[in-house]
Amino acid sequence: MAGYAYLAPTNVDEALGALEEAASVGQRAQMLAGGTDVLVQIRSVDKGPRTFVDVKHVEEANALSMTDDELFIGAAIASAVLNENARLKSILPGLVESADLIGSTQIQGRATIGGNLCNSSPAGDTIPALIACGAVCVIASPNGNREVATEDFVTGVGTNVLEPTEFLVGFKIPRPKGKTSDAYLRFIPRTEMDIAVCGAGVALTLDDDGTCTKAKVAIGAVAVTALPVPEAAAALVGTKVDDDALHAAAAASTAAAKPIDDKRGTVEFRKQVVGVLTRRAAAIARDRALAR
Amino acid sequence: MAEAVDLKVVGTSPVRPDGVDKVTGRAAFGADLNLPGMLYGKVLRSPHAHARIKSVDVSRALAADGVLAAVSGADFPSDRLDDLARNVIARDKALYNGHAVAAVAAKTQQQAEAALELIDVDYEVLDPVLTLDEAMAAGATLVNESQHTNGDTSKPPSNIAVQQAFERGDVDKGFAEADVIVESEHRVPTAHQGYIEPHACTATMNAGGKATIWCCTQGHFDVRSLTAGVLGKSVGNIKVIPSEIGGGFGGKTIIYLEPLAVKLSELSGRPVKMMMTREEVFRATGPASATWCKVKVGAKKDGTFTAATAWLAYEAGAFPGAPIGPGCMSVLAPYDVPNLRIEGNDVLVTKPRVCAYRAPGAPQSMHAMECAIDELARKLDMDPIDIRLKNAADEGTQAPYGPTFPPIGLKKCLEAAKNHPNYLKPLAEGAGRGLAVGFWFNIGMQSSAEVRIAEDGMVTVMEGNPDIGGSRASMALMAAETLGVPYEQVKAHVGDTESTGFCNVTGGSRTTFATGMAVVQACEDIIAQCRQRAALTWDLDAEQVDWVDGEAVPKPGVNADVKPLSLANIARRAGRTGGPLLGRASLNAQGAGASFSVNWTDARVDTETGKTDILAFTAVQDAGRAIHPAYVEGQMQGGAVQGLGWALNEEYIYDERGALENPGFLDYRVPVASDMPMIDTQIVEVPNPSHPYGVRGVGETPIVAPLAALSNAVRDQLGFRINDLPLSPPRVLAALDEQG
């Protein structure tokens with residue numbers, strides 16, 4: 001196709017160099033991870049010429065490490081690879097299930113959580129899950145790495161904090177301690193192969209009595225970006241995450257949601273269902289935490 | 001003949017002859033043909049749902065890089081201008097968002113796309129007409145200013161193209177006699193057939209003015225005549241070669257691209273390939289009508305129907321032709337109703353012209369009536385099968401639309417359902433069960449077939465119906481059975497318009513019935529010739545020779561010391577007995593047998609999200625006789641899934657200016673495999689006396705009952721009814737909220 005170029009750097013410096021070079025001559029460059037959004041977009045939404053810089057071969061973006069305090073998940077790792085990692089799945093079940101919900105088995109062989117975040121759709125499934133588990137984005141820039149909390153990464157529909165000369169390398173996630181777990185649920189009218197009408201991610205920590213000491217709730221597809229809902233988290237903290245607390249958290253999510261009417265759902269529907277999902281996801285996270 | 005005994009081949013389920021090529025990716029579909037020097041054609045489509053076209057200027061596009069031809073409506077004949085010609089390319093008005101306005105051919109697809117942006121169209125934008133209510137209201141904007149209902153120019157112009165009604169008995173008296181009456185109205189949205197293969201064709205015109213078209217279609221003879229009509233050419237100057245077809249369901253019984261491709265080829269002197277994108281398929285090809293149906297049915301305490309009425313309004317899209325005829329005729333077809341009145345309205349709106357979709361018109365009207373009958377059964381505290389058995393049409397019943405039914409299988413289907421383990425099985429907790437009846441007329445029409453015997457006895461069946469459901473296997477099975485040879489000895493082929501005799505379109509569930517009948521008759525012609533050839537060989541009269549198990553033998557009592565002659569024996573020596581063996585038949589098949597079905601489903605609504613899960617689905621249907629049982633079951637399962645998809649989530653969503661907001665499979669939500677349970681099937685066989693093996697068409701009936709079956713299941717669980725489709729989560733949740 002006319003006007004397209006493709007580069008496959010193997011490390012961060014090469015990738016930054018490619019972006020810098022394109023910027024210096026006024027060319028458009030776009031990072032490519034799995035391509036499961038980008039390839040669709042260049043056929044239908046935006047056919048403009050550009051240079052694709054493939055992050056799939058960048059070593060640092062393919063790293064996966066787990067220390068006692070922190071996990072690092074490279075931005076270019078395919079969802080299918082994350083889902084096959086039993087250890088990661090047991091540590092962050094909610095995040096892994098959010099990646100596992102996107103697309104078909106074939107798509108998951110290419111799709112990445114980094115790409116999902118950088119696509120910056122309001123409906124990106126991994127974004128509420130990343131926010132809930134406290135993921136921090138590691139961004140490679142010409143002046144070295146910088147870090148941005150996931151909830152601050154997306155700035156609008158399809159836009160984010162990345163400069164044209166920067167790219168996402170991966171995520172730092174605090175390793176869940178004690179009775180801590182997470183969950184993500186989304187609503188689609190089908191069973192798979194669809195886009196979230198709304199979604200909710202919940203991470204929480206229980207003490208030995210089963211009382212919630214810490215919680216984070218984020219909701220998706222109900223505003224221009226995924227939203228943290230501190231009011232929903234506050235409704236859970238200090239409780240045994242019982243029915244009353246779950247309903248209070250649900251009401252907080254419903255109140256926080258600012259959805260639109262569109263072909264995928266109405267305002268009323270999204271507000272109501274995002275509350276239901278918050279309640280159900282919190283109950284799953286609670287049960288998972290109790291089982292630790 | 002229908003009760004044929006000792007069938008050896010018919011009723012088995014061998015692998016279809018086209019199967020290996022399809023699963024290995026070798027089958028050639030509409031877009032797969034490439035010719036030297038070929039150009040790519042692209043269509044400029046109206047961005048307005050309703051606009052007067054003041055001018056179209058293609059000169060800038062013609063001057064663009066790589067462009068060799070460009071056309072607009074003015075380049076096509078304007079005498080005998082009919083709706084089809086206007087739909088293929090707009091003339092004075094664009095009548096829906098997506099209506100073709102101009103087309104170009106260029107050396108690459110990119111050049112063609114870029115050239116579209118250089119076509120200058122001056123539109124005067126008019127108000128769209130997007131709903132039945134709007135279109136039928138007094139003072140409505142007119143889609144066609146010179147259209148009068150039923151052509152009656154004494155009345156003012158109207159968006160209602162056709163109004164038809166029929167009546168039997170005395171409806172008022174019938175309702176007065178009823179102990180219970182149910183009245184309701186139901187809306188069903190526009191749904192697309194959802195075939196996987198988008199429309200595609202390649203056309204080339206030679207210097208002598210002869211055009212050849214390769215395309216995916218359900219009927220290449222129709223492509224030939226329709227294209228000839230739009231271009232003002234003789235059918236003798238058009239040859240159409242059908243490709244393999246990736247789904248049609250009625251949607252490929254019409255033409256869109258073919259005349260454009262031929263015209264662009266004529267102007268450029270090159271072959272031209274045109275392929276629709278999925279978005280174009282949704283914006284510009286014919287879906288099923290959105291409908292508004294009001295029904296009323298009354299019954300005695302014992303469940304006997306006393307009267308019923310139906311008022312139907314169907315969206316036709318931009319041109320008349322909504323399937324109100326079949327909608328009206330099917331709505332009460334399963335029942336013996338003494339007093340009835342049925343009215344249909346064919347209504348123009350500024351949306352794509354509707355096209356056939358599996359049992360066109362029946363799913364919508366029967367959804368309404370089967371919902372009302374479900375409510376009637378509830379009021380009478382009757383089992384939904386019992387109330388239907390009480391009123392079921394049977395042999396001798398006069399159908400609401402006139403004729404008296406020959407043997408039909410509705411009662412047998414209802415009885416089979418009543419005794420089916422899935423119906424006897426208790427319902428899962430919190431779920432609902434719904435049942436409905438389906439029906440389709442099926443049609444006969446014209447078919448031809450030729451049977452050729454090669455020198456080794458191999459049998460070639462040539463016929464002219466594109467194979468959309470395994471019909472080549474069915475043809476081969478019927479030929480093998482008739483000739484008395486193994487299935488593997490027969491190969492069935494779909495010939496082009498010049499290599500085989502005329503066949504009407506593959507549609508109306510007619511192919512296995514009508515073309516199958518032609519194949520059987522052509523085989524009988526072969527048998528007659530073989531008896532003649534054997535008689536010649538043995539010095540007997542043909543009357544003294546029988547054809548038994550694929551061999552000519554002397555009739556019992558004929559004194560002849562000879563060995564039987566097989567098809568191969570006779571074929572090998574055909575040169576000495578009169579030349580090659582060639583059997584032929586052509587016919588206009590009469591007596592297509594109606595096919596009835598009974599479907600029920602168990603479903604569960606998540607009352608907090610409004611999402612419905614289908615837990616189980618069972619389809620019982622009369623096939624007359626299943627020539628290839630596995631493919632009959634495939635039709636039943638596929639139709640069930642399409643019907644459930646329509647009931648669950650499928651719908652066209654338009655903005656207020658008439659632009660389709662969901663022209664793709666992401667947001668036009670057909671079910672995915674994991675949405676569906678195993679669709680259980682039971683084939684009932686009440687042979688059709690008009691077919692040599694008892695065949696009834698089976699392809700369309702399966703889509704009819706699932707809509708109401710699911711509505712009734714959701715009603716069963718929730719305790720109240722949601723009248724309209726789809727039962728999408730937002731609609732169901734809103735209804736639950738309204739109930740409190």
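Biologist: How many residues of chain A are in contact with residues of chain B, and what makes two residues count as being in contact?

Modeller: Two residues are in contact if their C-beta atoms, placed from the backbone, lie within 7 Å. By that criterion, 16 residues of chain A are in contact with 19 residues of chain B. The largest share of the side of chain A that touches chain B, 4 residues, comes from helix H11 (residues 267-290) of chain A. A helix here is a DSSP run of H or I with at least four residues, a strand is a run of E with at least two, and both are numbered from the N terminus. This is a predicted model, in which local features need pLDDT of at least 70 and side-chain atom pairs count only at pLDDT 80 or more, while totals for chains, interfaces and linings use all residues. Residues are numbered from 1 along each chain as its sequence is written, and chains are lettered from A and ligands numbered from 1 in the order in which they are written.

Biologist: Why is chain A called as compact as a globular protein of its length?

Modeller: The radius of gyration is taken over C-alpha atoms, and the globule rule is 2.2 Å times the number of residues to the power 0.38. For 292 residues the rule gives 19 Å, and chain A has a radius of gyration of 19 Å, so chain A is as compact as a globular protein of that length. Chain A contains 11 helices and 14 strands, and its C-alpha trace spans about 60 × 45 × 35 Å along its principal axes.

Biologist: What share of chain A is buried, and what makes a residue buried?

Modeller: A residue is buried if 20 or more other C-beta atoms lie within 10 Å of its own, exposed if 12 or fewer, and partly exposed in between, with C-beta atoms placed from the backbone. Buried residues make up 50% of the 292 residues in chain A.

Biologist: How do you know that strand E2 of chain B pairs with E6(B)?

Modeller: Two strands pair if DSSP finds at least two bridges between them. Strand E2 (residues 51-57) of chain B is joined to E6(B) by 6 bridges, therefore the two pair, and they run antiparallel. Ser55(B) stands opposite Asp122(B) in E6(B).
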